Amino acid sequence: LKRLQRARRYNEWVFGRIARHLGDRVLEVGSGRGVFTRFLRNRNHVVATDDDDRNLEFLRGGFERFDNIAIRRVDWSAPDVEALAAE
């Protein structure tokens, strides 16, 4: 994940390929260290999820100042669908 973070041009290219398919409310599954979360900062509401404590701490440190980005722990092997639906 650390290496992927530094692949700025690659990440911009990947996001450019999917950006037109995203709405203003985004559920990001497996946000990791926020490589793509940073591209979502201008969306109305983003729920960035991960199940790793280190990644969640990194996400909180980088995005907690954004009112439109919620950081959530989600175990995708057994997700709490009702809690996510409330987002």
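Analyst: A nonpolar core is a set of buried Ala, Val, Leu, Ile, Met, Phe, Trp, Tyr and Cys residues joined through side-chain atoms within 4.5 Å. Buried means under 20% relative accessible area, exposed means over 50%, and partly exposed lies in between (1.4 Å probe, protein chains only). The model is predicted, so local features need pLDDT of at least 70 and side-chain atom pairs count only at pLDDT 80 or more, while totals for chains, interfaces and linings use all residues. Residues are numbered from 1 along each chain as its sequence is written, and side-chain values use heavy atoms, with hydrogens and water left out.

The largest nonpolar core has 11 residues in all: Phe 15, Val 26, Phe 39, Leu 40, Val 46, Ala 48, Leu 56, Leu 59, Phe 63, Ile 69 and Ile 71. Helix 3 gives the most, with three residues. Helices (H or I, at least four residues) and strands (E, at least two) are DSSP runs, numbered from the N terminus.

The strands form an open sheet of three in the order 1-2-3, with parallel pairing. Strand 1 and strand 3 (69-73) are at the edges with a single partner strand each, so one side of each has no neighbour in the sheet. From one strand to the next, the twist averages 15°. Two strands pair if DSSP finds at least two bridges between them; strand 2 (residues 45-50) and strand 3 have five, in the parallel sense. Across this pairing, Thr 49 stands opposite Arg 72.

Helix 3 (residues 53-63) lies across strand 2 and strand 3, and runs at about 165° to strand 3. Axes here are lines fitted to C-alpha atoms, for helices over the stretch in contact, and angles run from 0 to 180 degrees between N-to-C directions. Contact means heavy atoms within 4.5 Å.

Leu 40, one of the core residues, is in contact with Phe 15, Leu 22, Val 26, Glu 28, Val 46 and Asn 68, leaving aside its neighbours within four places in sequence.

Phe 15 is also one of the buried residues of helix 2, with Asn 11 and Val 14. Seen down the helix axis, these buried residues fall within an arc of 95° (taken from the directions from the axis to the C-beta atoms), so they line one face of helix 2. The face turned away from that buried side carries the exposed residues Arg 9, Trp 13 and Arg 17.
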